[in-house]
Amino acid sequence: MSNAATTVSSGHDSLPFVPQKHKAETKVTPIHSVTILPDSDTFGRDVTDCPDRYMDPRITDKPQLGAKTEWYYIQTHLHGAMSTNKSGDPSHTVIVCLFRQAADIELDSKTREHNWAVVYATLDWKTRKYNTYSKVPSNLPKHLLKSLQGKHTGLSKAIQSMLEAGPNCKDVPLFIPDDLLSSPVQVHQHDKGVGPALHLEWDNGAILFGENGSYHLKVPEIELEIQVHATKPVMLHGHDGETLNDKTGAMFYYSWPRTLGAGVYKGEAVTGTAWVDHEYSLAGEETKEQPAALGYGWNWISLVSIVKDMEVCITQVLDGKEVLEQYVLYYDEFGQRHQLTEFTLTSSEPWESGHTFQNFDTCWKLGIPSLNVNLEIVSVTQNQEFQTWLRMPSFYEGAVRFSGTWQGAPINGFGAMELVKGTDMSKSMEQILENATSVVRQELEAWIPSSIRPGHFKHITRVHFDPYEEEKIQQNIVDGFYMLNDRGGKNWRPMLFGAAVGIVGGNANDWRSFLVLPELIHTASLIIDDIEDDSDTRRGGPCVHKVIGAPTAINAGCAMYFWGETIIRDNEALSDSQRRDIYAMYFEMMRVGHAGQGLDIAGMSMDNLPSIQDAERMLARVINLHRCKSGIPASFCGFVGAIVGGGTPKQIEALGAYVQNLGIAFQIRDDVLDVLGKVKGKSAADDLYNHKITYPVAKMFTLDHPDREKWFGYWQGHNVPALVDALKSSGTLDKCNEDIEYWVRKEWDLIDALTPNSFSKALLSLFAEFLISHHY
């Protein structure tokens, strides 16, 4: 490779294929309105220095503005220029993708609006720090709404309602985590034979410039400027470059799988290798439909060998769980292209996001029996989730390393993967809560090992214990906790913590350990409550104290109240003021919770038929009880989530107050479902059989109804079936549902005004609707 091809300069003159006079003959096309002329050069120039069978006019770097969708993708794996270990792992992986979609799909229109977006992902291999950046056009919400038309379930409904309403305040961004492009993407269209086929500029100085495997990429925002030059021929995917060859999804797709690169990243001279893709949709029989590929999911993995001069691409295109297309494409050491469809790709080690509660696999085994190939491919770090409105709620994009055998010989190297789920936004709250449970269990194992981990108890207590002592602590504290926790739970509190982090612009994956806190406290409180209430069963099994004895259960429950404090103590990302604030809220929540339990133990009696005014006071006490035992513990999640997410004081206060309302609404819903016999692990009307004044009972006696005396007779006579019938026939349960909606709606307008639109906001809204309408 020539020096000119690897030297980074402030202009483009160093590129070997750029004539000096090209600047005077450049046409700049603003991307908001591109005119497609009938006699335009649709496909551009041929590719040079490639075998004859790749001389396909469709292999062109020129933007295919006649195509409905198109993207350019560059992944770079970089070493410091002075590094002496360039045959090992890279120091950095940087991924840059420019994506274009035609907003106007009327093919007979000469003027078409194009929406360009750019995304960047960076990974520091040493620190495992992963960062994402996304820039989108301001009209993205309008086009998202169009794509959601006709979808009225789950998240799609929540997102659709949010987009239709738009932001309620000019003081917050339109939506997060994406930023708006600060300047529109410009396509520079050079005269044929003058200048390179590809010349894009965007965002005040970013540029992608070049052709035929030689490119100059500059992205000031991530401090990257690099030039790359192909050392292998172009790689055609699918059938002679065509993938998804059906009437709705055909794409043309080619790659430059190995290019040598040199430049500067974050102020340091770097060298490395890059993989460059260009893909665009082909005209099919359809005339007004977007390419079906936009709704598909895919697993895509690219591998670059260190020990062999080989590159491998693994592709699976998915429609739900159905594999529409799959292939392994590779260049061997002699530069020969091979493609096959008979292989196995087995995924494992799922990772659940604490931010979107999506799950992604992080390890894959590739088997090709016909070639004696067995590879293990592993994500460099688990958290490589990319959240963006471009592909709601997120996709998985980042670096991998691999090792194994190829045709029986050892092989290893690195690469990149992109895992994209189909655009099914019909997820219900039950599915999201199920995924939240998986996240919590992953983190619980880290902070409260289910089996003895040497030194763990010393870390918790700062006291040394010998193996015998560790065994007894495990048996008498940890095992009792897991006895109840393993029976499941709704895990709505951790989900609300994640939503609170995200709604103010943070990422809950940076604070995953905090997802454990609410469930530690909740599980511990249930263990203690069951002893104080002398209960026999919980969550479909015997209460913990019925198995291990009351003294041991009391100690286990109380220990767990303090176990979680170490999560706050050990988190180095917290500032001193944040840690103090969270400590104060933690202990305030514990004091309030115990005050509420004191009220619950004392209970309320109804020895005489209450007046309506007395019943209203009784109902207010039930609400206050729910505030202490459910609302305030829930609000801790809202407060802390907003604090660590970087919220403003107004946002923190508003989220804490609103999540408290959701906690109260949840407990009212639980009381209603107890009457209906729809609480998992409990018998129908269990609270009524225990003669407990719940929200529906107190509410019923606030009604001015001629049967009030009869109802009191049912209560006094412990006639639970008749009391349940009265609660239903009197309209009490409907009144309770109205109250739930009141608590759910209360102060939502303030949250809506103080926070930008986001997936986390949609989650919060979906949970609110779940409390109003859903019966689990």
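The largest cavity has a volume of about 60 Å³, a volume being the space filled by probe spheres set on grid points that are joined across faces, edges and corners. A cavity here is a set of points, on a 1 Å grid over the protein atoms alone, where a 1.4 Å probe fits but cannot get out. The model is predicted: local features need pLDDT of at least 70 and side-chain atom pairs count only at pLDDT 80 or more, while totals for chains, interfaces and linings use all residues. Residues are numbered from 1 along each chain as its sequence is written, and side-chain values use heavy atoms, with hydrogens and water left out.

Lining residues are those with an atom within 4 Å of a point. For the largest cavity they are Thr437, Val440, Arg441, Leu444, Asn485, Gly488, Gly489, Asn491, Glu519 and Arg539. Helix α4 (residues 429-447) contributes the most to this lining, with four residues; helices (H or I, at least four residues) and strands (E, at least two) are DSSP runs, numbered from the N terminus. By class, the lining comprises two nonpolar, five polar and three charged residues, where Ala, Val, Leu, Ile, Met, Phe, Trp, Tyr, Cys and Pro count as nonpolar, Asp, Glu, Lys and Arg as charged, and the others, Gly among them, as polar.

The whole structure holds five cavities of 30 Å³ or more. Among the residues that line it are Tyr72, Tyr73, Ile74, Val276, Asp277 and His278. Strands β3 (69-80) and β17 (268-281) each supply at least two residues of this lining.

Attention now turns to a loop. Asn571 is found between α11 (565-570) and α12 (576-602), and is buried, with a relative accessible area of 13%; buried means under 20% relative accessible area, exposed over 50%, and partly exposed in between (1.4 Å probe, protein chains only). A polar atom of the Asn571 side chain lies 2.9 Å from the backbone nitrogen of Ala573. Neighbours within four places in sequence aside, Asn571 is in contact (heavy atoms within 4.5 Å) with Trp511, Ser513, Phe514 and Arg579.

What of the cysteines? A search of the whole structure finds zero disulfides, a disulfide being a pair of cysteine sulfur atoms within 2.5 Å. Cys543 is buried, at a relative accessible area of 1%, whereas Cys558 is partly exposed, at 30%.

Definitions and conventions:
1 Å grid on protein atoms, 1.4 Å probe; cavity = no way out; pocket = protein on both sides within 12 Å on 5 of 7 lines; lining within 4 Å. Polar contact = N/O pair within 3.5 Å; in protein donor to acceptor, adjacent residues only side chain to side chain.
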